[in-house]
Amino acid sequence: MDRYADHPSFQERLRVVAHVIESLLAGVDCPWVFDFGGGPGIFSLLCSDRASFVLDLDPSLEMLRAGVSGHAAMDAVLGRATSTPPREVRRAAGTLDAVSVNADGRFDLVLAIAVLEYLEDPGGAVARLARLLRPGGALLLTVPRARSIARRTERLMGHLMVGTERDSDLHPRPPRSYTRLRPYGDRVPWDTTVASVGLRIELRRPLALASAGPMSYMRPNDIVVLRRGQFP
């Protein structure tokens, strides 16, 4: 949560994603929202202003506990007056495999913000998340842009870190770079199942760092909206 309060690039992500979320929930009567890998739940809190039910699912109990507060900080980043207390966000520790088939077709909006790049099967995750959507529901995700200069610089720094790791007491091993935690690096095959599970791409555009301005090659992520078809 502190990153969204203090870091300009995370604040920019929050502002952009917040705008898209608000547009997706506008006009939806008593929407249900599923925040996959939501961690502290900054986007769950955002959705709770409008949604009648919000579930934040994350494998880390520690991350979930870190998000029990933060609504005032979110309002400050978005430049709006502190709102009335939000509806409750339900928080659960677990993976996507733990989600019951009884949840299928129940959600109007599913979020996967900066999540798919850390999964072994991002295409399979998209397929599973699609089944949670009601007809006409939306899946909102962010994914890395491999050709971004920011991503190329990050990959280079990750390679340099490998040569500086130490195992001794005097030189403890530093944390692994984000790039090395991603099974596919920055080339995430998230779109392999989109068409086959009844989704269509409604929006895809670069998501800027705070300092990137209009230079799309500096933007490290894409923000994507996938819409489920209106099936009988």
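## Basis and overall make-up

The model is predicted, with local features requiring pLDDT of at least 70 and side-chain atom pairs counted only at pLDDT 80 or more, whereas totals for chains, interfaces and linings use all residues. Residues are numbered from 1 along each chain as its sequence is written, and side-chain values use heavy atoms, with hydrogens and water left out.

The protein chain comprises eight helices and seven strands, where helices (H or I, at least four residues) and strands (E, at least two) are DSSP runs numbered from the N terminus. Of its 232 residues, 46% count as buried, a class defined by under 20% relative accessible area, with exposed meaning over 50% and partly exposed lying in between (1.4 Å probe, protein chains only). Among contacts (heavy atoms within 4.5 Å) between residues at least 6 apart in sequence, 73% join residues at least 24 apart.

## Helix H6 and Arg 128

Helix H6 is largely enclosed by the rest of the structure, because nine of its eleven residues are buried. These buried residues are Pro 122, Gly 123, Ala 125, Val 126, Ala 127, Arg 128, Leu 129, Ala 130 and Leu 132, and the elements they pack against are the strands S1 (32–36), S4 (107–113), S5 (133–144), S6 (199–207) and S7 (221–228).

Arg 128 belongs to H6, which spans residues 122–132, and is classed as buried because its relative accessibility is 10%. Once neighbours within four places in sequence are set aside, Arg 128 is in contact with Leu 96, Val 99, Ser 100, Val 101 and Asp 104.

## Asp 56 in strand S2

Asp 56 lies in strand S2 (residues 53–58) and, at 0% relative accessibility, counts as buried. The side chain of Asp 56 reaches the backbone nitrogen of Gly 38 at 3.3 Å. Not counting residues up to four places away in sequence, Asp 56 touches a set of residues that includes Asp 35, Gly 38, Gly 39, Pro 40, Leu 64, Val 89 and Arg 91.

## Residues brought together across the sequence

Pro 183 is located in the loop between helix H8 (178–181) and S6, and its relative accessibility of 36% makes it partly exposed. Although Pro 183 and Glu 117 are 66 residues apart in sequence, their C-alpha atoms are 7.2 Å apart in space. Beyond its neighbours within four places in sequence, Pro 183 is in contact with Glu 117, Tyr 118, Leu 119 and Glu 120.

Glu 22, in helix H2 (residues 8–25), is partly exposed at 30% relative accessibility. Glu 22 and Asp 49 are separated by 27 residues in sequence and by 9.8 Å from C-alpha to C-alpha.

## Cysteines

The count of disulfides (pairs of cysteine sulfur atoms within 2.5 Å) comes to zero. Cys 30 is partly exposed, with a relative accessible area of 48%, whereas Cys 47 is buried at 0% relative accessibility.

Conventions: A polar contact is a pair of N or O atoms within 3.5 Å; within protein, one must be able to donate a hydrogen and the other to accept it, and residues adjacent in sequence count only if both atoms are side-chain atoms.
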